[in-house]
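Look at the sequence and the structure below.

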Amino acid sequence: MKKITYIILLLIPAFYAKAQVVVTSSNLPIIKINTNGKTIGLIDKIAADISIFDSGKSENKVTDVPTYQGKIGIELRGSSSLEISPRKPYSVETRENDAITNKNINFLGMKKDNDWAFIAPYSDKSLVRDAFIYSLARKIMPWAPDFRFAEVIVNDKYEGIYMITEKIKQGKNRVNIDKMEIADIQGDELTGGYIFSFDKLKSEDKFFYSKYKLTPTLQRLPEYIINAPKADNIKTEQLNYIKKWMNDFETVMNSSKFNDPKTGYPKYIHEPSFVDYILLNELSKNIDAYRISTYFHKDKNSKDSLLHAGPVWDYNIALGNVNYCNADSHIGWAMDFNKQCSDDYWTIHFWWIKLFEDKHFKSLMKARWQELRKNEWKNATFYAKIDSLQASIGDAQKHHFARYDILGKTVWPNPQINYTYTGEINYLKNWLTQRTNWLDGAFAKFSDTIEIENNQHAFLYPNPSHDKITFDVKPKVVNSNFDIKIYDLQGKLLINTNYRIDSVAAERITVDISNFAKGVYFYNISENKSLLTTGKFIKN
């Protein structure tokens, strides 16, 4: 058993805390923050001192020499979490000794940067829901927030277990899209990169409105909040560009031709990222999915002209940990939120639902779900990941729940209570088992039918593409052999693959081009040695 030391000092009347707790050692890293008498606020970061005790051994002690000491800027973060929880999440910026200049560090071993979020789990008594989804996302997405658990002491007061995460921002170690400068107001430089979101609007945010109202009963225009470039740096030309880009996309999605392979959504979105993003939110039945803490990013056109979904963020009231809008039930789609809570201020915008209900997109979701369930998303893998997260927290949870006396008590929006930490973990596992069973059956009902319009016999998408291209092919006769060949500009044959189709039903062939250099490539498709079609595509 790893050694733990904590001292109960003073009983206090607050409903959430049984006692003050002093932590002198822990199996987790310990972080001490000293604001030197200043109050941590919501608007401007204050300068403070930070000491990190992270020996890499089984026990960390505050009496040891800190493994890192330095200056930080710190402020409160979040919206709902500040209103409903006695715990305070923080936004932390690591700084040089002048307490002004940003300083990139490997915070708790994460990749170098200077912006960090201190997430404060409260209603999620498992403490691991965010971490679980981030772990899954990091396996299937180009980037998702890395994280570490730590015990945090602020001004000599123990504040519990925090999940320290990378913040969503542009950067080579974060969302790796082109950085926009103030001078980037025309040409290719104007086209990206942007990060923006559906979220709760704050007074300091820069945003633009959608062209379309949320629903016939909710006569308001949803806001897209700009996250990169930063609000105090973004130029009018840049804001106008991404606004027009999204308005054009929404106009297409509002049309009867929204799913046209050439002019519809495949022209605008990176389908694999949207599929993976939706599957993560449906797996967790995230009550906020698609409407709050919902991020998108777009690089400049010369690199990648398509809109990507993600990164993921904020799953503390997902995975069965919510008691409204039927979200605790393992049955049903998170995408059906509007049917469950039609009068909510933040409903799901129309184009998400049209995308989800499209036959072609549903076939992509089904194929991806079934692929993941064979490997990364087996139930046994889920349980092992949860066990690993629980083990990493270890006995430090005893400190946390001595500080916050909430085990066995209802904390909004818990659908049920469990009297032990192990009970919370078991509830999460059991809910996940029921959820995956339902999703297996629900996705099995999705059609595999692939529709190719206008009597075409082959179609390629997305174009441009970043990692995979897909050919929808429809045989002219039964028992056909399809040959797909891909060439570079010099005519060098890069891929030569054969695929047999035993019927005249259309089928989907996906080709991995992630190792291709950026540029233009040519392809031809033959059916039974007879040339069917030729074309070109762009790898970005």
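Helix H4 covers residues 271–284, and at 1.5 Å a residue its 14 residues should span 20 Å; the end C-alpha atoms are 20 Å apart, which agrees. The expected span is 1.5 Å times one less than the number of residues. Helices (H or I, at least four residues) and strands (E, at least two) are DSSP runs, numbered from the N terminus. This is a predicted model, in which local features need pLDDT of at least 70, side-chain atom pairs count only at pLDDT 80 or more, and totals for chains, interfaces and linings use all residues. Residues are numbered from 1 along each chain as its sequence is written, and side-chain values use heavy atoms, with hydrogens and water left out.

Of the 14 residues of H4, 13 are buried, so H4 is largely enclosed by the rest of the structure. Buried means under 20% relative accessible area, exposed over 50%, and partly exposed in between (1.4 Å probe, protein chains only). Just after H4, Lys285 takes a positive phi of about 45°.

| Pair | Axes come within | Crossing angle | Hand |
|---|---|---|---|
| H2 (residues 129–140) and H4 | 11 Å | roughly 155° | right-handed |
| H3 (residues 236–253) and H6 (residues 350–357) | 10 Å | roughly 50° | left-handed |

Axes are lines fitted to C-alpha atoms, for helices over the stretch in contact, and angles run from 0 to 180 degrees between N-to-C directions. A crossing is left-handed if the near helix is turned anticlockwise from the far one by less than a right angle, and right-handed if clockwise.

The axes of H3 and H6 cross at roughly 50°. That makes H3 oblique to H6, while H2 and H4 are roughly antiparallel to each other. Angles under 35 degrees count as roughly parallel, over 145 as roughly antiparallel, 65 to 115 as roughly perpendicular and the rest as oblique.

In the second pair, Met246, Phe249, Glu250 and Met253 of H3 meet Phe350, Trp351, Lys354 and Leu355 of H6. Here the division is six nonpolar, no polar and two charged. Ala, Val, Leu, Ile, Met, Phe, Trp, Tyr, Cys and Pro count as nonpolar, Asp, Glu, Lys and Arg as charged, and the others, Gly among them, as polar.

Asn496 is found in strand E19 (residues 493–501) and is partly exposed, with a relative accessible area of 48%.

Methods: Contact means heavy atoms within 4.5 Å.
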